[in-house]
Amino acid sequence: MALLVLLSAVVGLVIGSFLNVVVWRVPRGESVAHPASHCPQCGHPIRPRDNVPVLSWLLLRGRCRDCGAPISARYPGVEVATGVLFALMAWRFGVAWELPAYLYLCAISVALALIDIDVRRLPNAIVLPSYVVTAVLLLLPAVIEGRWHEYLRAAGGGAVLYAAFFVLVFIHPAGMGFGDVKLAGVLGAYLGWLGWGVLAVGGFLGFLLGGVYGAGLMLAKRAGRKSAIPFGPFMLAGALVAVFFGQWLVDRYLQMIGI
């Protein structure tokens with residue numbers, strides 16, 4: 001288990017380095033493959049030795065080797081965050097066929113949260129292919145281990161959360177965007193795989209976290225009732241918390257009410 005967690009952390013650091021490219025280029029409609037990574041100030045390609053996650057940023061002291069322009073600390077931050085999430089997910093599932101699916105969830109969660117914060121948008125280029133990727137990755141444990149019940153529940157969970165968000169947007173279109181609806185379908189599949197209770201917890205936590213954040217901004221007089229706040233990061237955070245602790249929260253709640 002320890003080796004799996006360590007290996008997942010290393011893979012997460014590498015994936016995090018790629019996610020920095022995704023977060024910058026996808027909202028701008030640019031290819032994530034071409035051209036090669038380069039300094040946005042001087043345009044010089046990043047050398048392989050300067051592209052080692054976290055370590056290169058530390059050795060360069062957060063500056064471009066060629067022009068000396070500062071490199072945002074968000075770059076190593078994204079790499080570390082992705083590595084930590086990958087390690088935690090490996091600890092959560094262990095050696096399991098569904099682990100690749102949930103590692104993918106970690107990756108898109110980091111990318112989509114940052115993009116939504118930056119440009120108030122959840123790009124179709126990431127969300128829509130995630131339906132196919134999720135279906136394929138969760139198909140592995142369904143086929144190999146015969147876990148068709150979980151697979152069908154995941155499909156149902158995606159449909160239920162998509163429909164719930166669709167209704168909310170229809171009733172109050174100013175409250176959230178249709179990108180949130182499309183993301184809800186993906187998150188619903190991951191939560192549904194783990195159980196209907198986990199699905200309910202994940203959906204609720206997104207609204208809870210978003211509400212707490214919005215209330216905090218209003219108390220600090222940094223936002224008003226009609227201020228636009230990206231909801232995607234809270235949906236993603238709620239879903240990830242539910243993946244780790246959703247069933248525990250469900251069990252505690254049922255125990256509290258005596259069921």
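Biologist: Which side chain meets E145 in a salt bridge?

Modeller: The model is predicted. At 41% relative accessibility, E145 counts as partly exposed. Its salt bridge has an N to O distance of 3.2 Å. The partner is R147.

Biologist: Which residues do salt bridges that share partners join into one network?

Modeller: R147 bridges E145. E98 also forms a salt bridge with R147, with the closest N and O atoms 3.0 Å apart. The network joins E98, E145, R147 and E150.

Biologist: Is E98 buried or exposed?

Modeller: The cut-off for buried is under 20% relative accessible area. E98 has 6%, so E98 is buried.

Biologist: How many residues apart in sequence are the parts that E98 and R147 tie together?

Modeller: E98 lies in the loop between α3 and α4. R147 lies in the loop between α5 and α6. The pair therefore ties together parts separated in sequence by 49 residues.

Biologist: Which residue forms a salt bridge with R74?

Modeller: R74 lies in helix α3, and its partner in helix α4. The closest N and O atoms are 2.8 Å apart.

Biologist: Is α6 roughly parallel or antiparallel to α7?

Modeller: The axes of α6 and α7 come within 6 Å and cross at roughly 150°. Angles over 145 degrees count as roughly antiparallel. So α6 and α7 are roughly antiparallel.

Biologist: How many nonpolar residues are in the contact of α6 with α7?

Modeller: On α6, the contact residues include L161, F165 and V169. On α7, they include V181, L187 and W193. The contact also has 5 polar and 4 charged residues. The nonpolar residues number 14.

Definitions and conventions: Residues numbered from 1 in each chain as written. Predicted model: local features only at pLDDT ≥ 70, side-chain atom pairs only at ≥ 80, totals over all residues. Heavy atoms only, no water. Axes fitted to C-alpha atoms, helices over the stretch in contact; angles between N-to-C directions. Helix = DSSP H or I, 4+ residues; strand = E, 2+ residues; numbered from the N terminus. Parallel < 35°, antiparallel > 145°, perpendicular 65-115°, else oblique. Contact = heavy atoms within 4.5 Å. Nonpolar A, V, L, I, M, F, W, Y, C, P; charged D, E, K, R; others polar. Salt bridge = Lys/Arg side-chain N within 4 Å of Asp/Glu carboxyl O. Buried < 20%, exposed > 50% of the residue type's maximum accessible area, 1.4 Å probe, protein only.
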